[in-house]
Amino acid sequence: MVQQVTRGIKISVETNFEGTFYKNYKIHFAFGYKVTIENQSKDSVQLNARHWTIFDALNHKEIVTGEGVIGKKPVLKPGESHTYSSGCLLTSPFGAMKGFYSMVNFTTTKKFNVTIPTFKLSAPFALN
């Protein structure tokens with residue numbers, strides 16, 4: 001698990017390998033990840049958007065942006081947390097992801113970004 005705190009918002013990420021399958025005559029490696037967003041600040045905040053950079057060991061980089069996470073824009077009061085699961089596909093058994101969440105502080109009405117720490121994706125059978 002990797003963790004990082006930005007402006008009182010703690011991000012924790014756990015990953016797992018889901019398996020392989022063929023898509024368009026090419027093998028793909030499926031990875032799942034579970035993110036917990038914990039508000040350790042004294043203000044209520046809302047997650048509005050996400051920005052991911054996904055790296056594949058074959059030097060392929062993909063940028064994914066969008067509103068909220070899995071269709072939600074959670075509001076977190078002090079001490080609350082939100083956990084969700086998602087996944088990605090790689091064309092190699094190794095990769096990594098990193099990014100940030102765009103949030104707003106309800107007390108100050110200011111927007112800010114919360115860093116999602118870099119986490120590795122690796123298929124266990126490919127480890128040496």
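His82 sits in strand β7, which covers residues 81–90. Strands here are DSSP runs of E with at least two residues, and helices are runs of H or I with at least four; both are numbered from the N terminus. The model is predicted: local features need pLDDT of at least 70, side-chain atom pairs count only at pLDDT 80 or more, and totals for chains, interfaces and linings use all residues. Residues are numbered from 1 along each chain as its sequence is written, and side-chain values use heavy atoms, with hydrogens and water left out.

**The whole chain**

- The protein chain has nine strands and zero helices.
- From the N terminus on, its elements read β-β-β-β-β-β-β-β-β.
- Its C-alpha atoms fill a box of roughly 50 × 25 × 20 Å along the principal axes.
- Of its 128 residues, 41% count as buried. Buried means under 20% relative accessible area, exposed means over 50%, and partly exposed lies in between (1.4 Å probe, protein chains only).
- The chain exposes about 7,400 Å², and carbon and sulfur atoms supply 49% of that area. Such areas come from the Shrake-Rupley method with a 1.4 Å probe; for residues, only the protein chains shown count as cover.
- Take the contacts with a separation of 6 or more: residues 24 or more positions apart account for 64% of them. A contact means heavy atoms within 4.5 Å.
- The mean positions of the 15 positive and 8 negative charges are 5 Å apart. Lys and Arg count as positive, Asp and Glu as negative; His and the chain ends are not counted. Each charge is placed at NZ of Lys, CZ of Arg, CG of Asp or CD of Glu.

**Strand β4 and its partners**

- Strand β4 (residues 45–56) pairs with strand β8 (residues 94–105) in the antiparallel sense, over eleven bridges. Two strands pair if DSSP finds at least two bridges between them.
- β4 also pairs with strand β5 (residues 61–67), again antiparallel, over seven bridges.
- Strand β6 (residues 75–76) runs antiparallel to β4 and is joined to it by two bridges.
- Val45 has Asn105 as its bridge partner in β8 and Leu76 as its bridge partner in β6.
- Ala49 is bridged to Glu67 in β5.
- β4 and β5 form a hairpin with four residues between them. In the turn, Asn59 has a positive phi of about 65°.

**The nonpolar core**

- The largest nonpolar core holds 25 residues, of which Ile11, Ile37, Trp52, Tyr101 and Met103 touch the most other members. Such a core is a set of buried Ala, Val, Leu, Ile, Met, Phe, Trp, Tyr and Cys residues joined through side-chain atoms within 4.5 Å.
- The elements giving two or more residues to this core are β2 (9–23), β3 (26–39), β4, β7, β8 and β9 (111–122).

- His82 counts as buried because its relative accessibility is 14%.
- Beyond four places in sequence, His82 touches Val35, Thr36, Ile37, Val69, Lys72, Pro74 and Leu76.
- Gly32 lies in strand β3. It is buried, because its relative accessible area is 4%.
- Beyond four places in sequence, Gly32 touches Glu14, Thr15, Asn16, Glu18, Ser86 and Gly87.
- Ser12 is 20 residues from Gly32 along the chain, and their C-alpha atoms are separated by 14 Å.
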